[in-house]
Amino acid sequence: MIERRKFLMAGAMGAAGMLPRGVLGARAYASSAQPPAGCDDQATNTPSLTKFVDPLPRPSTAVPDPSAYPGADYYEFTMRQGSWRFHRDLGPSPVWGYWATDPHRPHEPIGMGYLGPTFETIRDRPTVVKYRNELPTTHMFQTVIDMIRDKKPVVAPIPPPPYEYMPQFPDDINVWNVVHQHGGYTAPQSDGLPEQSFSPKGFHAEGYTTLEPGRVKPNEAIYAYTNHDHSCMLWYHDHAMGMSALNVYAGLAGLYFIRDPADERLGLPRGEFEVPLILQDRTFNANGSLAYTMVDREGEDTPIVNGKAYPYLDVEPRRYRLRILNASNERFWRLRFDTPRGVLHQPQLPFWLIGTDGGLRAPLHMLDFLISPAERYDLIVDFSEIPPGKDVTLTNYPGTQVHFPGITGCGPEIAEIMRFRVRKPLSGGQDRSTPPEKLKLQSVPAIKPKPHTRRRQWVVYQHELFRTMTFNAVPYMEPSQDFIKEGSTEIWEYINPNHDAHPMHVHLVNFQVLDRQPIDAAAYQKDYDNWVYGGRKPEDHPAVADYFTGPPIPPDPDEALPYKDTVKAPAQMVTRIIIQEFVPPKKEIASIPGSGAELPATYIHHCHLLEHEDDDLMRPWTIVPAGD
């Protein structure tokens, strides 16, 4: 197991508007035309942009080589700096992105400069990827890298006592990267853990690993993915130690679909009628270049979808399947589809939720939903109700803060995001997709806790306001202290006395949300502080049950029962999830020696507010043999 203390080098939320089947109703919470209380940072840096003048881009699809490994698809992905224009009214910006090699046209890489090509994979058919790092050795946001290196408190992870600060990257390394397949069932050596980072010049962090070491250069790594998941939309993104927030902000993210051929009989919209939407917020300088402002405030000021600011999509009057990923660094979005006045009997176009992070679920009729960073929502939206020539606007609910529920300094508000224009005639004579209310999607069975089910607690601890956060007051680089028996079921309790909500992501596994329970956060934080500064004596550790202020609250309908890999942990609450089985993939993948997991196997979990992840709200955990 990696010794993490070494320097890493080696050579309850308001329920979303939901509708019973076939019934239209009122929203369950009030709107606000004003910024939320305490949100005094509403200034924007981006020049004024004309909305809805750029068409929505669709990321291209990577082409596999099925001949390189038996029974698997092989890809080569290269990280490069390029140029991308985010809006008609902005000049081109330097960006980072992934480019895929086309095995049929090796000199014509697939990509668009920003973000990366989409993986299209088949369930249980493995994927093997060679990742190559050809980025510059000076970071696009070098001033922030320098701030981290200079231990500026706003960005550097300064741990609570008795721990001491440890640098996250070497003094002469300004860029290093590693790719994480988010939500996948993956062996740890291919998981893209932060300590597996590698630089453009081939410098390796202490935990760097690669399959097939004889087939890679120092600036490369080969990973293998099982694709042993339900039919779902995963994604991939940078997970480098200490700078993942900056690397993702620069553009290092993309989509990863796992398809099940059995889904074809469901009658879901497909092809051009299945539209991926990668939702982000970004800020721009006057010349159109990316500006990173989150050292000064929370959140950025402009919505970006698939790399374009305020785009539009021309649609037919028919059902569409929208696959939405919140790839923002920190921003929560509460989304709805606004219609022109008088077009419908209600101001929003209803839709159906048919899936979340881990795959399909029983259809749920809704008016809006809250999506935190890293979550995915799978929707059916029917534009046949909209008269030709009219528009539907994807809107962020007025008053939604960057962090939900948010506090002072919660950043600029964003309202309108993109527009769907009903301009195209209906092709094929009719819409042959299955109406959502008739979809035969199986309900996900509930994972039932048993009396002996192990409970594990993770406290979001901040020893100084607006500074470093840790789990259980322990820095990330400390060795794993949580050992989980292979095959066991556990309940994890995220105790959040903090002032913000946090989206918690657990690598390797899917889980279900059990419930949430309010706590006296001020009293708990005070007693936890006393425990930390009083020597961390086990007998003085505060028991969270002594601080409950109400009964458990069931999960919101949109997150009840589906398989998830990311969960919203609201402020002043305990959020409970249940993980049915901790079993890593131990079989060899694509006949590659050493590609399966070996026990003990260490993974991580972390807050998916990327700045919080970099600032130490992240911890390892280890699967051990059942007999240990």
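Strands are DSSP runs of E with at least two residues, helices are runs of H or I with at least four, and both are numbered from the N terminus. With that in hand, welcome to a predicted model, in which local features need pLDDT of at least 70, side-chain atom pairs count only at pLDDT 80 or more, and totals for chains, interfaces and linings use all residues. Residues are numbered from 1 along each chain as its sequence is written, and side-chain values use heavy atoms, leaving out hydrogens and water.

**Overall fold**
- The protein chain contains four helices and 34 strands.
- Its radius of gyration is 23 Å, close to the 25 Å that the globule rule gives for 628 residues, so the chain is as compact as a globular protein of that length. (The radius is taken over C-alpha atoms, and the rule is 2.2 Å times the number of residues to the power 0.38.)
- Along the principal axes, the C-alpha atoms fill a box of roughly 65 × 60 × 50 Å.

**Surface and burial**
- Of the 628 residues, 64% are buried (buried means under 20% relative accessible area, exposed over 50%, and partly exposed in between, with a 1.4 Å probe and protein chains only).
- The accessible surface of the chain is about 22800 Å², and carbon and sulfur atoms account for 51% of that (Shrake-Rupley method, 1.4 Å probe).

**The annotated domain**
- UniProt, in an unreviewed entry, places "domain: Plastocyanin-like" at residues 484-624; such annotations may be inferred rather than shown by experiment.
- This span is 13% helix and 33% strand, and its end C-alpha atoms lie 6 Å apart.

**The largest cavity**
- The largest cavity has a volume of about 80 Å³. (A cavity is a set of points on a 1 Å grid over the protein atoms alone where a 1.4 Å probe fits but cannot get out, and lining residues have an atom within 4 Å of a point; the volume is the space filled by probe spheres set on the points, which are joined across faces, edges and corners.)
- Its lining includes Pro157, Tyr165, Met241, Met477 and Asp616.

**Two residues to look up**
- Aspartate 102 sits in strand β4, residues 93-102, and counts as buried because its relative accessibility is 7%.
- Tyrosine 75 is 27 residues from aspartate 102 in sequence, with 8.4 Å between their C-alpha atoms.
- Leucine 561 lies in the loop between α3 (521-533) and β31 (566-569), and at 38% relative accessibility leucine 561 counts as partly exposed.
- Valine 513 is 48 residues from leucine 561 along the chain, and their C-alpha atoms are 7.0 Å apart.

How values were computed:
1 Å grid on protein atoms, 1.4 Å probe; cavity = no way out; pocket = protein on both sides within 12 Å on 5 of 7 lines; lining within 4 Å.
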